Amino acid sequence: MCGIMGYIGKRDTVEVLLEGLRRLEYRGYDSAGVAVLVDGKVEVVKTKGKISDLADVLKDRKPEGRVGIAHTRWATHGPPSTKNAHPHADCKGHIAVVHNGIIENYLELREQLHAEGHRFRSETDTETLAHLFEKYYQGDLEKAVRRGLKDVEGSYAVVAVCDGDPGTMVAARQHSPLIVGLGERPGESFVASDPSAILSFTRRAYLIDNGEMVVVTADGVKVKTLAGKPVKKSVFHIEWDPGMAERGGHKHFMIKEIFEQPHALRETIGERIVGREMKLHLAELNLTDAYLRRVKKIVVIACGTASYAGMAGQYAIEKVCGVPVIVDVASELQHRECVFDKNTLGIAISQSGETADTLLAMHMAHRRGAKLLAITNVIGSSVARAADGLLYIHAGPEIGVASTKAYTSQILATLLFCVHLALARGAIKPAAARRLLRGMKKLPGQAEEFLKKEAGHIKRLAKKYKNVMRYLYLGRGAHYCTAMEGALKIKEIAYLDAEGYAAGEMKHGPLALVTDEVAVLSTAVEGPHYRKSIGNLQEIRARGGKVVALANEGDEEIRKYADDVIRVPKADEVLSPVLAGIPMQLYAYYVADLWDREIDQPRNLAKSVTVE
Ligand code: F6R
């Protein structure tokens with residue numbers, strides 16, 4: 001959360017910073033600001049609101065200079081306001097900083113600095129950094145930042161500029177993402193939270209690691225450890241192209257990304273299933289068959305939607321491989337004594353690859369001896385770098401805050417791993433593995449067909465049920481995850497009350513919620529749980545609830561038990577959550593659009609949750 005951007009070079013600095021912030025806005029959007037070195041002085045312009053509000057303010061007060069930093073905020077300490085917006089400056093306005101992360105000992109530092117005569121203007125933890133750097137500044141910004149950070153506990157990606165060193169940006173990273181873009185024009189460099197911010201300027205970057213500092217001037221980029229030891233970095237090439245991060249004529253990124261799913265699923269498969277004999281080849285997996293045979297337990301480490309993708313993987317792995325799988329949200333996992341050992345494989349699933357809770361739980365699993373596989377979208381992200389093995393989902397940039405294409409691609413990647421694991425352990429016959437892989441190869445086409453046939457129908461259903469304020473989402477077996485994900489989608493973008501539930505649990509309490517004012521979206525696709533799912537639908541209708549069922553094409557019986565039916569293509573039971581996720585996304589999207597919600601940037605949320 002929070003996006004940071006910095007620029008040194010000869011382009012229009014404010015325009016470059018604004019372009020970067022627009023790309024980072026998904027990380028936070030409650031206030032924003034820039035600081036530019038103008039004639040040897042630090043000029044700060046900031047405002048409550050979105051990047052468009054900042055751009056409006058900058059129209060009348062545009063600072064011109066060659067060095068600048070910028071920030072888009074997701075509030076942690078202090079409410080969204082102009083005062084709490086970054087950049088923050090020291091007492092005399094000589095130093096300005098932007099920061100992503102949390103300074104955990106900020107109250108203590110603030111008290112101490114206050115007692116030493118520093119005057120604070122905001123309620124943020126970040127401002128302590130500006131005063132700390134001021135305290136230690138003796139004509140050298142790099143030294144001041146290095147010394148100041150010694151006093152700091154917590155997480156940060158921080159960039160500082162200073163009027164005493166007007167041609168320099170100093171940045172540092174500890175547990176919050178940071179990259180440096182190597183400009184294509186002479187003397188030009190960028191600092192940013194992630195590659196999307198610099199895509200339109202350069203695709204060459206250094207990925208900065210925890211405990212590293214960067215000093216950027218017109219002469220180039222120097223990377224050092226926080227202790228000052230030089231670090232040699234290799235250049236990382238960003239694969240995404242700028243067009244991928246545009247809305248491309250769609251009203252919202254979310255709907256664009258929903259419709260991109262056939263392509264994203266194809267990319268997830270890529271060259272991984274080879275030839276007619278369906279050879280499975282997971283190039284970056286880096287986990288030997290001998291190790292996979294020793295695995296006694298798998299723990300999925302993920303948050304939110306990614307954890308629901310993990311639930312789909314859990315069902316498949318337990319069924320196909322016979323290996324026990326635990327799924328728990330990473331924020332809980334890291335605080336309980338979950339048993340990790342050398343025979344435990346942790347599977348970390350994260351679209352952004354920067355989710356703080358996921359990373360912390362991964363570190364804990366590693367410390368306890370587990371190996372880690374990362375399933376992530378962002379190449380070179382922190383999650384990718386913290387793992388032993390990798391499976392990139394290759395879904396392309398996901399900008400809408402609500403995860404869509406990453407979810408279905410994450411499930412598919414987990415399924416690919418499931419078959420690999422089953423083969424390594426001899427838990428599946430080659431013919432059965434081929435059948436599953438063939439089924440996976442069909443999924444992109446089925447998703448395409450589905451979107452063509454059913455999107456209009458789902459839009460009409462959204463209209464029909466527009467005034468329903470309370471939802472229950474139900475699913476069983478492989479589709480428990482579909483229920484959880486469906487409920488999360490409508491909560492986060494339409495702001496409607498929704499509960500995701502295991503269908504069989506209804507009678508243990510939630511059935512009391514069912515009235516004629518409640519709509520129930522339930523999966524009832526073919527498979528071992530079909531009859532039981534039908535039983536649940538009858539219980540709901542007997543109590544007046546309206547039922548929208550997700551059922552397979554050709555199932556006529558379902559009409560007796562549902563007010564409306566959404567038809568999803570048939571697929572093997574363990575593969576079917578990929579397809580069933582899509583109607584849930586579409587339904588939530590169309591309802592939210594009817595309510596005129598800010599779909600790509602729902603209130604209170606940010607896409608990349610880099611704080612605990
Ligand atoms: C919901 C959503 C979130 C994320 C969660 C994890 O639509 O997007 O629940 O899934 O914050 O994010 P990543 O996958 O980036 O670790």
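This is a predicted model: local features need pLDDT of at least 70, side-chain atom pairs count only at pLDDT 80 or more; totals for chains, interfaces and linings use all residues.

Colleague: What makes Gly 544 partly exposed?

Modeller: Partly exposed is the band between buried, under 20% relative accessible area, and exposed, over 50%. Gly 544 has a relative accessible area of 33%, so it counts as partly exposed. Gly 544 and Ser 331 are 213 residues apart in sequence, and their C-alpha atoms are 37 Å apart in space.

Colleague: And how do you know whether Leu 550 is buried or exposed?

Modeller: The cut-off for buried is under 20%. Leu 550 has 0% relative accessibility, so it counts as buried. This residue is found in strand β25. From Leu 550 to Cys 418 it is 25 Å, C-alpha to C-alpha, with the two 132 residues apart in sequence.

Colleague: Where does Thr 305 fall, buried or exposed?

Modeller: Thr 305 has 8% relative accessibility, and because that is under 20%, it counts as buried. Thr 305 is found in helix α9 (residues 304-321).

Colleague: What joins the side chains of Thr 305 and Glu 485?

Modeller: A polar contact of 2.9 Å. The limit for such a pair of N or O atoms is within 3.5 Å, and the 2.9 Å between these side chains meets it.

Colleague: Let's turn to the strands. Why is β6 called largely enclosed?

Modeller: Nine of the nine residues of β6 (residues 95-103) are buried, so the rest of the structure largely encloses this strand.

Colleague: How do you know which strands β6 pairs with?

Modeller: Pairing takes at least two bridges. Strand β5 (residues 88-89) has two bridges to β6, in the antiparallel sense, with Ala 89 opposite Ala 96. Strand β7 (residues 154-162) also pairs with β6 in the antiparallel sense, over nine bridges; there His 99 stands opposite Val 158.

Colleague: What lies between β5 and β6?

Modeller: Five residues, and the two strands form a hairpin. In the turn, Gly 93 has a positive phi of about 75 degrees.

Colleague: Why is β19 described as mostly covered?

Modeller: Seven of the seven residues of β19 (residues 344-350) are buried. Thr 344, Gly 346, Ala 348 and Ser 350 point one way, Leu 345, Ile 347 and Ile 349 the other way, and all are buried.

Colleague: How many bridges join β19 to β17 and to β20?

Modeller: Five bridges join β17 (residues 297-302) to β19, and six join β19 to β20 (residues 371-376). Lys 297 stands opposite Thr 344, and Ser 350 stands opposite Thr 376 in β20.

Colleague: What is the unit that β19, α11 and β20 make?

Modeller: A right-handed β-α-β unit, with α11 covering residues 356-367. Right-handed is the name for a path that runs clockwise from the first strand over the helix to the second, with the strands pointing away from the viewer.

Colleague: Last one, the ligand. Which residues are closest to the ligand?

Modeller: Of the 14 residues that surround the ligand, the closest are Ser 350, Gln 351, Ser 352, Thr 355 and Glu 492. An oxygen atom of the ligand is 2.6 Å from an N or O atom in the side chain of Ser 352. For the side chain of Lys 489, the corresponding value to a ligand oxygen is 3.0 Å. A polar backbone atom of Val 401 is 3.4 Å from an oxygen atom of the ligand. The protein covers 90% of the 400 Å² of accessible area that the ligand has on its own.

Technical notes. Residues are numbered from 1 along each chain as its sequence is written. Side-chain values use heavy atoms; hydrogens and water are left out. Buried means under 20% relative accessible area, exposed over 50%, partly exposed in between (1.4 Å probe, protein chains only). Helices (H or I, at least four residues) and strands (E, at least two) are DSSP runs, numbered from the N terminus. A residue is near a molecule or strand if one of its heavy atoms lies within 4 Å of it. A polar contact is a pair of N or O atoms within 3.5 Å; within protein, one must be able to donate a hydrogen and the other to accept it, and residues adjacent in sequence count only if both atoms are side-chain atoms. Accessible areas come from the Shrake-Rupley method with a 1.4 Å probe; for residues, only the protein chains shown count as cover.
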